[in-house]
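Student: I have a model open beside its sequence, and I would like to work through it step by step. Could we begin with how its strands are put together?

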Amino acid sequence: MKLSRSEFQNYIHSYETDENFYRELYFAEKKHPETFMEYCQTLDRDFISEHKLYVPALHNEAWYPYLEESVMFCNLPGNIMLCKHYRYSPVFVHEHEFFEILCVYDGTVHTTIQGISHELTTGDICIIPPHTKHSVSVFDDSVAINILVRSSTFQSTFFQTLTSDSSLAQFFAHVLFHKTEGNFLIFHAGNDSAVIESLENLFIE
């Protein structure tokens with residue numbers, strides 16, 4: 001069912017079940033650190049497992065340090081995925097086989113890429129290529145949207161539209177063909193209404 005723009009805005013700002021779980025977990029540790037481990041022992045392990053939630057206090061190993069396309073896109077018919085970044089989810093450093101386009105729809109988001117911290121605000125866009133270590137932090141009501149794109153799709157669909165002498169084309173040529181790692185792009189759009197409207201249209205359409 002197609003959403004109206006107002007319905008989308010209500011949806012994107014509302015908290016989903018998993019986000020509520022993470023928010024309660026965050027404030028349990030922040031407000032009562034002395035009893036936090038006891039709190040974690042009372043959590044529903046079946047719920048955590050079924051929803052694939054990350055609770056650092058209950059996980060001894062790194063949480064998905066590398067995500068493959070075959071895992072992320074296994075149940076999807078297409079090659080592009082749009083999803084809201086779960087607010088209050090614990091920070092974990094990871095990398096993946098596909099492109100990630102991190103878009104700030106509302107508020108402020110902090111990301112660390114290759115060990116360097118960056119602050120993104122409404123309208124900002126960050127392109128994170130494959131094999132780039134990064135993490136994302138959202139610990140308030142800010143909204144970030146992730147656009148995940150298969151590497152092959154990025155190459156065949158988006159890269160071909162760029163002129164060969166542009167900075168963007170040179171960036172993607174290094175990433176796609178020279179396989180250089182640790183690259184990323186950040187566009188500070190300055191709360192550009194066109195960026196926000198485009199994000200809304202991607203979800204609504």
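Tutor: Before we start, two strands are said to pair if DSSP finds at least two bridges between them. Please keep in mind that this is a predicted model.

Student: Which residue in S10 is the bridge partner of Ile127?

Tutor: Strand S7 covers residues 125–128, and S7 and S10 pair in the antiparallel sense over 3 bridges. Within S10, the residue that partners Ile127 is Leu185.

Student: Which strands stand at the edges of the open sheet?

Tutor: The open sheet is formed by 5 strands, with antiparallel pairing, in the order S2-S9-S4-S7-S10. A strand with a single partner has one side left without a neighbour in the sheet, and that is so for both edge strands, S2 and S10.

Student: What angle does the direction of helix H1 make with that of S4?

Tutor: Helix H1, residues 5–13, packs on the sheet, where H1 touches S2, strand S4 (99–106) and strand S9 (143–149). Taking the direction of H1 against that of S4, the angle is about 105 degrees.

Student: Is His94 buried or exposed?

Tutor: His94 lies in the loop between strand S2 (80–84) and strand S3 (95–96), and, leaving out residues up to four places away in sequence, His94 touches several residues, among them Tyr64, Glu100 and His134. Buried means under 20% relative accessible area. Because the relative accessibility of His94 is 10%, this residue counts as buried.

Notes
Residues are numbered from 1 along each chain as its sequence is written. This is a predicted model: local features need pLDDT of at least 70, side-chain atom pairs count only at pLDDT 80 or more; totals for chains, interfaces and linings use all residues. Side-chain values use heavy atoms; hydrogens and water are left out. Helices (H or I, at least four residues) and strands (E, at least two) are DSSP runs, numbered from the N terminus. Buried means under 20% relative accessible area, exposed over 50%, partly exposed in between (1.4 Å probe, protein chains only). Contact means heavy atoms within 4.5 Å. Axes are lines fitted to C-alpha atoms, for helices over the stretch in contact, and angles run from 0 to 180 degrees between N-to-C directions.
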